[in-house]
Amino acid sequence: MQLEFGREQYVIASQKAGGAPFEREDERALVTLAHVASETARAHHEVETLERRANSDALTGLPNYGAFQRALTDANENRSYHEGIALLFIDLDNFKKLNDSHGHRTGDELLKAVAARLREEAGGGDFVSRVGGDEFVIIFSDLDNLEQAKASADRIIEAVAQPLIIEGHHVRPALSAGLAFSGHRELDAQALVEDADRAMLHVKRSRRRGGPASGSGVSVSSHRSTRTNEIVARAIREDRLLVAFQPIVSLDRGEIWAFEALVRYVDPEIGPISPPSLVARAKSLGLMNELTRQVITKALHAADEFHRVEPGIRCMTINLELGQITEAELGPFVRNAARTHPDISLCVELNERSLHAVTDELRRDAEVLQAAGVVIALDDYGSDASSVGALVHFPMNILKIDKSLIDDLNDARQREVIKALQGFGDNLGYTVIVEGVETHEMAEVLTGLGVRSAQGYHFGRPLSFEQAMKRLRRSGAGAIVDA
């Protein structure tokens, strides 16, 4: 059989001494095994060849643009929280001029020579790719800081820019290079490409304005995403986060009975950072638990103050990731926070979509929280990919209905779904809260369907602590504030 191209190997059968002799059927079985092995190896070799062709640049043999994109995503997403990566974007200056003066063969040979030097200088730990006609990129990984990336980039560019002879012509490659460094996992790794490209163009423009016409240059980008990551990390570590509070009201009593705490941050340098971006960056930085601790602490202190002004306000809801309720994460902290604020019901809101990954251990962790007096809410029920299983398999006290289920209450189907969910909650002793109520008409329809609790802009947008206290002192716990 042939397991490798041009190399024969053999399937050998043996038997114990004195055993029955091999028969014709045995020989046919061996021939069949050898044939199957050969065909499998041939198919495997063809697939590998096709993959190499699909992912490689035909001229230089380097990975192509598609392979680079996959490698960049992998390097970004599969690094530890504080492992740096960098992208070096390289462009050959005056390449078209060389092609025009010496021919395309000379240009092709120069590209191959540059590719070989890049591969040799980068070593096995860094990813080198040709992404365009005369453009190359290197992904540096496992970095501690920008200086380490810059030193590697300078060394590589200096080596590649050394003179060489191509088709009898003395050529000294002139390279423009831009370097972008990322100290933390990025939300969008393409920002690195954009910044490295922009830094490379800065070198090229400098040469056009009279800078050196030969040799090499590396311009370092001040990576925007990294700067934002650093701002978020500093805000969390220095406890600068703000908390906004949105009222949750009783429709039948017309009063606020709870607030939802929502994280906010406005940086003096770059302005507001959107809550989804803030949370995503906290996750990527490994600071999500610290962010949540700060929100819980500030929210419960605020809840005590709200309760003093309006004793009917006795609940504060706070968003948590499902995995944060475990003993290894924030379970003990949440239970202790609930104990130290006995006048307030601490409610943790868990996103319904996250419950698709729930385990028996997580269910037990939720039951431990409930036993300690912590209220559990299932948030965003009715959004994309919602499951009935979450309603019946996970312990909870509050069901929050996503606003997508009430975006057209003229639709009889939506009204019936809301009525059914409210009935489900009533039968099982759950509190049902409908989110996204924006008008008086929506509130009226929901009241008619039996809904007793709601949240949305009709009752108030998220307010700072000072604004919420001002509202309570001026208007009490009334669900609606007169303009």
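# Close-up views of a predicted model

**View 1. The lining of the largest pocket, by residue class.** By class, 14 nonpolar, eight polar and 12 charged residues make up the lining of the largest pocket. Here Ala, Val, Leu, Ile, Met, Phe, Trp, Tyr, Cys and Pro count as nonpolar, Asp, Glu, Lys and Arg as charged, and the others, Gly among them, as polar. The model is predicted, so local features need pLDDT of at least 70 and side-chain atom pairs count only at pLDDT 80 or more, while totals for chains, interfaces and linings use all residues. Residues are numbered from 1 along each chain as its sequence is written, and side-chain values use heavy atoms, with hydrogens and water left out.

**View 2. The space in the largest pocket and the elements around it.** Rolling a probe the size of a water molecule over the atoms shows where empty space is left. On a 1 Å grid over the protein atoms alone, a pocket is an open set of points where a 1.4 Å probe fits, with protein on both sides within 12 Å along at least five of seven lines, and lining residues have an atom within 4 Å of a point. The largest pocket holds about 1,100 Å³ of space; a volume is the space filled by probe spheres set on the points, and grid points are joined across faces, edges and corners. Of the 34 lining residues, Glu260, Leu262, Asn319, Asp379 and Asp380 are the closest to the centre of the largest pocket. At least two lining residues each come from β11 (255–267), α8 (275–284), α9 (288–309), β13 (315–320), β14 (345–351) and β15 (375–381). These elements are DSSP runs numbered from the N terminus, with helices (H or I) of at least four residues and strands (E) of at least two. β11 gives the largest share of the lining, five residues.

View 3. Seven of the seven residues of β15 are buried, where buried means under 20% relative accessible area, exposed over 50% and partly exposed in between (1.4 Å probe, protein chains only). Two strands pair if DSSP finds at least two bridges between them. β14 pairs with β15 in the parallel sense over five bridges, and Glu349 has Ala377 in β15 as its bridge partner. From β14 the chain passes through helix α11 (residues 360–371) to β15 in a right-handed β-α-β crossover; right-handed means that, with the strands pointing away from the viewer, the path from the first strand over the helix to the second runs clockwise. β15 also pairs in the parallel sense with strand β16 (residues 398–401), over three bridges. The bridge partner of Tyr381 in β16 is Ile401.

**View 4. Cys315 and Cys347.** A disulfide is a pair of cysteine sulfur atoms within 2.5 Å, and by this rule the count is zero. Cys315 is in no disulfide, and its nearest cysteine sulfur, that of Cys347, is 5.1 Å away. That distance is too far for a bond. Cys315 is buried, with a relative accessible area of 7%, and Cys347 is buried at 0%.

**View 5. Strand β5 between β3 and β4 in the pairing list.** Strand β3 (residues 84–92) pairs with strand β5 (residues 135–143) in the antiparallel sense over seven bridges. Ala86 has Phe140 in β5 as its bridge partner. Strand β4 (residues 127–130) runs antiparallel to β5 and is joined to β5 by four bridges. Ser129 is bridged to Val137 in β5. Four residues lie between β4 and β5, which form a hairpin.

**View 6. Two loop residues with positive phi.** Glu167 has a phi near 50°, a positive value in a residue other than glycine. Glu167 sits in the loop between β6 (164–166) and β7 (169–171) and is partly exposed, with a relative accessible area of 40%. Asp239 also has a positive phi, near 55°, and is likewise a residue other than glycine. The loop that holds Asp239 is between α7 (224–237) and β10 (242–250), and Asp239 counts as partly exposed at 43% relative accessibility.

View 7. Gly323 lies in the loop between β13 and α10 (331–340) and is partly exposed at 37% relative accessibility. The C-alpha atoms of Gly323 and His102 are separated by 63 Å, with the two residues 221 apart along the chain. Ser219 lies in strand β9 (residues 216–220) and counts as buried at 12% relative accessibility. Between the C-alpha atoms of Ser219 and Ser176, 43 residues apart along the chain, the separation is 8.3 Å.
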